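Below is a short report on a protein model.

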Amino acid sequence: MGFRKKLGLYLNPRNAVAADWMALAEAMGFTYLEIKNYESAGNPTVKVLEDWQARSTDATVGKLLSILSEVERNDILEDLQPMIDEDVRRYCERLNRDPEPPVQVNQVDSCFHRTLDRVGLTLYDDPEGTPELFDAFICYCQSDFGFVQEMIRQLEQTDFKLKLCVFDRDVLPGSCVWTITSELIEKRCKRMVVVISDEYLDSEACDFQTKFALSLSPGARNKRLIPVKYKSMSKPFPSILRFLTLCDYTRPCTQAWFWKRLAKALSLP
């Protein structure tokens with residue numbers, strides 16, 4: 001059974017206590033008349049999700065999980081988390097198995113197979129030597145780039161001397177974003193720092209990067225993913241990261257230890 005149909009089993013029954021599909025639709029921005037018309041659908045939850053995806057530019061898995069948390073259906077989030085993780089794993093496998101075809105006509109231009117490592121992904125890659133490696137991949141949205149620059153100053157340009165992978169700075173243009181991101185997170189970076197903000201919750205790229213990293217480290221057994229919060233949020237904290245220890249810059253009483261704690265976590269083997 002697919003994720004949407006499974007979700008319908010929770011939300012389709014009218015519930016006087018817990019939020020049902022109507023509460024979900026209202027949180028997604030549907031009007032009263034639209035919601036009333038969905039009542040005649042055989043599976044109103046699935047129909048709402050299909051129409052939401054068709055008309056909304058921010059209809060991502062991460063956004064859906066955030067809405068479920070907003071309507072206080074954390075029971076659904078907990079029960080369906082294994083299914084979400086499995087869907088992400090399958091998607092990543094399919095992405096790696098069936099990469100986008102090249103725009104150019106294939107040419108034989110060398111005696112070896114040109115893998116992602118060979119063609120060069122980052123600014124200081126050596127196609128003939130060892131690929132560039134990093135201590136951490138930084139997952140962020142553009143509106144948080146100012147804090148990312150501060151992170152570069154505090155972690156790279158100090159005695160910590162860590163090496164961060166910042167997409168806008170380090171990644172060469174011209175290749176499939178999803179393929180490059182998967183390669184960097186899985187094979188080039190020991191950790192991933194997730195910069196959490198309201199804008200992060202609306203980012204499709206951040207949603208993919210976070211779920212891909214979690215699929216590589218279920219249960220965070222090797223501390224691969226580190227969430228960082230640097231400013232107050234009006235939206236709920238992402239439920240898929242709730243089980244991870246947060247590095248919180250918004251607490252004045254712990255700011256003095258913030259960079260040292262983060263640097264220590266990133267420098268672990």
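Cys 141 takes part in no disulfide, and the nearest cysteine sulfur, that of Cys 206, lies 5.3 Å away. A disulfide here is a pair of cysteine sulfur atoms within 2.5 Å.

Cys 206 is buried too, at 1% relative accessibility. Cys 206 is in no disulfide either: the nearest cysteine sulfur belongs to Cys 139, at 3.9 Å. Across the whole structure, the search finds zero disulfides.

## Basis of the model

The model is predicted: local features need pLDDT of at least 70 and side-chain atom pairs count only at pLDDT 80 or more, while totals for chains, interfaces and linings use all residues. Residues are numbered from 1 along each chain as its sequence is written, and side-chain values use heavy atoms, leaving out hydrogens and water.

An open sheet is built from five strands in the order 2-1-3-4-5, with parallel pairing. Helices (H or I, at least four residues) and strands (E, at least two) are DSSP runs numbered from the N terminus, and two strands pair if DSSP finds at least two bridges between them. Strand 2 (164-165) and strand 5 (247-248) are the edge strands, each pairing on one side only. Strand 1 (residues 134-139) pairs with strand 2 over two bridges, and Ala 136 stands opposite Leu 164 in strand 2.

How values were computed: Buried < 20%, exposed > 50% of the residue type's maximum accessible area, 1.4 Å probe, protein only.
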